[in-house]
Amino acid sequence: MTGTNPPFSTRILRYGSAAVAEAAAVIRAGGCVAVPTETVYGLAADATDSQAVAGIYAAKGRPSFNPLIVHVPDLDAARAIGVFDDAAQALAERFWPGPLTMVLPLRSDAAVASLVTAGLSSVAIRMPSHRAMQALLRESGVPLAAPSANASGSISPTRAEHVAKSLNGRIALILDDGPTPGGIESTIVAPSPVPRLLRPGPITAEEIGVLLNQPVGGAGDAIEAPGQLSSHYAPSKPVRLHAIDRRDGEWLIGYGDVAGDDTLSAAGDPVEAASRLFDALHRADAARAMAIAVAPIPETGIGAAINDRLRRAAHRG
Ligand code: TXA
Ligand code: MG
């Protein structure tokens, strides 16, 4: 696809009302804009416009069988797209706006291009809290389909520079509002008929289970989100996990007591580690070392999502 793309010169605009107005104009004209959310930068386009959505797939080089998340400004907009039962309603009230995506039955009258759902009868919906994405949603007045703003298969972007490096010349505009606060993609849950975790994330299976008063099945024993290919987050170098020291030729990403060339959190704080994870992987990828090693991260809380992404980063082939 690379050779057939128009030669955009990618502009980076600092967040502000003029930048949001310009970004919304690009969206309304059927283009894509990279925009930060509380998790990672997304590549947004009008979810109701199939040509605009096709532009996302083209810019990312993403397989079109991999459906996209629809971002909405409020619950009314979400209800116009997905069918909410009591469990979905309870999750929305507790965790929205925020880093939770729900996979719900697609309403038959939903104004969403079928390319967004890759023809599935379900739809992934999320109400983000980040001011830039909220402003873009309100100013453009349409639901926004947005995957992470990176070339398909590479590391998710947590800074405008990551987006520029991965998609330079392939998109028209990046709205830059600094590093994203969360750093790891949203939790994906299918609330009904029984709650299933399709992708671990900042909101844990335990929190969801407590709210719904039901255990949450893991992705392993259910149908996974189709995009969860095992090598999804791969850097270009081999990655060794659970490293407690640096071997020859490695760049070591530390955590807690394991000091390295870089650290996810010297204090051993998993939330800090999540916010730094992708930036650390981007830096490790750009370093001269031939290989990457990463210190052990405890599996508790958001640690489960960090380890999920690290396993995918380490998986070859
Ligand atoms: O934090 C996030 O969720 C970021 C920001 C930009 O919102 N977005 C993101 O999108 O991570 P993406 O496209 O990289 O991941 C979306 C995942 C994919 O694995 C996709 O397969 C899954 O959601 N998905 C989308 N629609 C689905 C559906 N109807 N059923 C199951 N999985 C679905
Ligand atoms: Mg992604």
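Analyst: Domain 1 and domain 2 bury about 1300 Å² between them, with 61% of it on carbon and sulfur atoms. Buried area here is the accessible area (1.4 Å probe) that two parts lose on being put together, summed over both. Ile155, Ile184 and Pro200 supply 42% of what domain 1 buries against domain 2, more than any other three residues.

Keep in mind that this is a predicted model: local features need pLDDT of at least 70, side-chain atom pairs count only at pLDDT 80 or more, while totals for chains, interfaces and linings use all residues. Residues are numbered from 1 along each chain as its sequence is written, and side-chain values use heavy atoms, leaving out hydrogens and water.

User: What makes Arg159 and Asp279 a salt bridge?

Analyst: The rule wants a side-chain nitrogen of Lys or Arg within 4 Å of a carboxyl oxygen of Asp or Glu. Their side chains meet at 3.3 Å, N to O, so the pair qualifies under that 4 Å limit. Across the interface of domain 1 and domain 2, the rule finds 2 salt bridges.

User: Why are S1 and S10 said to stand at the edges?

Analyst: The open sheet has 10 strands, ordered S1-S8-S2-S3-S7-S4-S6-S5-S9-S10, with mixed pairing. Strands (E, at least two residues) are DSSP runs numbered from the N terminus, and two of them pair if DSSP finds at least two bridges between them. S1 (11-14) and S10 (196-199) each have a single partner strand, so one side of each lacks a neighbour in the sheet.

Key. Chains lettered and ligands numbered in written order. Helix = DSSP H or I, 4+ residues; strand = E, 2+ residues; numbered from the N terminus.
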